[in-house]
Amino acid sequence: MLAGKSLIAPSDFTVEQLEDLFRLTDDIVKNPEKYARSCVGKILATMFFEPSTRTRLSFEAAMERLGGKVLGFSDPASSSVSKGESIADTIRMMSCYADIAVIRHPYEGAAHVAALHSFIPVINAGDGGHQHPTQTLTDLYTIRAKKGGFDGLTVGLCGDLKYGRTVHSLVNAMIRYENVHFVFISPEELKVPDYVIREIEGSQNCSYSVCVDLDEAIRGGLDILYMTRIQRERFASMEEYERLKGCYILDADKMSRAGEKLIVLHPMPIVNEITGAVDEDPRACYFVQAQYGMYVRMALILTLLGGEHGYPTVSGARMFEKTCVNPRPTGKIPCPNPRCVTHLDPTLPIRTKNGGANCEYCDARIIE
Ligand code: CP
């Protein structure tokens, strides 16, 4: 049962739960009017500490189309965060006003912190360069529609694989399927983080290879080419961004050497990594991918709100109890990742994932 749960990374849902969600999405796409009053009386809170077009507006459209209402902010300067309020206190307050919350934040692990302190389901709409699970729902739904399933696919992932949260989440989801092979196409400076590689190595039968040359990867035979933007906002050095920004450009010439069955995906926004001519190619699926986003998010909201039955709400007394369960600890956090939320809020407790070696918030290796 997913009612009342949060979504921080795609692996929070089992493969079976994902399939249930996609079946619900199929029905919403076919019969939207059936769901037009499903969320009457419910409120979605949107907390966007970073810019967004697709994610925020598709969530808002999704809740409106379900008959619910939306409140929130898209500019942190207009919230009390600008006065120094913590993520924990902000979500505690949002929990009093809304039934479900969506958060995007530049620090890695911020959504997890919100979920730890929330009394309502929290959906991670992107935490820095870490994870973006609802983009993955959109990606998977598109792949399912275009390829009929996930087993045995060869997936090329190209561009900023270091800070590319959509890439990390897509791998996190797809390693649960059979014989998926990932081809990581990036310069050395933007290679995929070690924790993502370890996830593949820990999977049953998925594999990966690395490649610097996009043309070579295309000629090697791909089922999916997942292009990503080189993200200026993630670079500490503008000099490095300027050097890398045009490193991959997918154009009609490269597409002429790709297989007929290839599909091209992109989480968008596209800056210059795909030329306009490719938009006309029937193998370019990124606009329909973005369109599916709203329907998948409608299914997600319904699922986490528990459909007709709803999820058990938390009383004021329980709220106080939960506040005590997560006391404000003190101490220095040794996460080596400067983009980890523990560097934004040094009062957060040291946590390792499942008692292992990686930071519970951002997945960086803490213990060697
Ligand atoms: N794909 C995606 O996250 O787009 P936005 O940044 O516009 O939300």
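Let me start with the lining of the largest cavity: Arg 54, Gln 135, Thr 138, His 266, Pro 267, Met 268, Tyr 286, Gln 289, Ala 290, Gly 293 and Arg 297. A cavity here is a set of points, on a 1 Å grid over the protein atoms alone, where a 1.4 Å probe fits but cannot get out, and lining residues have an atom within 4 Å of a point.

This is a predicted model, with local features needing pLDDT of at least 70, side-chain atom pairs counting only at pLDDT 80 or more, and totals for chains, interfaces and linings using all residues. Residues are numbered from 1 along each chain as its sequence is written, and side-chain values use heavy atoms, with hydrogens and water left out.

Back to the lining. Helix H12 (286-305) and helix H5 (133-147) each give at least two residues, and H12 has the largest share, 5 residues. Helices are DSSP runs (H or I, at least four residues), numbered from the N terminus.

Now the ligand. Around the ligand are Ser 52, Thr 53, Arg 54, Thr 55, Arg 104, His 132, Gln 135, Pro 267 and Met 268, where near means a heavy atom within 4 Å.

Which backbone atoms lie by the ligand's oxygen atoms? A backbone N or O atom of Thr 53 lies 2.8 Å from a ligand oxygen, and one of Arg 54 lies 2.9 Å from a ligand oxygen. A polar backbone atom of Met 268 is 3.1 Å from a ligand nitrogen. A polar contact is a pair of N or O atoms within 3.5 Å. The protein covers 92% of the 260 Å² of accessible area that the ligand has on its own, by the Shrake-Rupley method with a 1.4 Å probe.

Note on methods
Polar contact = N/O pair within 3.5 Å; in protein donor to acceptor, adjacent residues only side chain to side chain. 1 Å grid on protein atoms, 1.4 Å probe; cavity = no way out; pocket = protein on both sides within 12 Å on 5 of 7 lines; lining within 4 Å.
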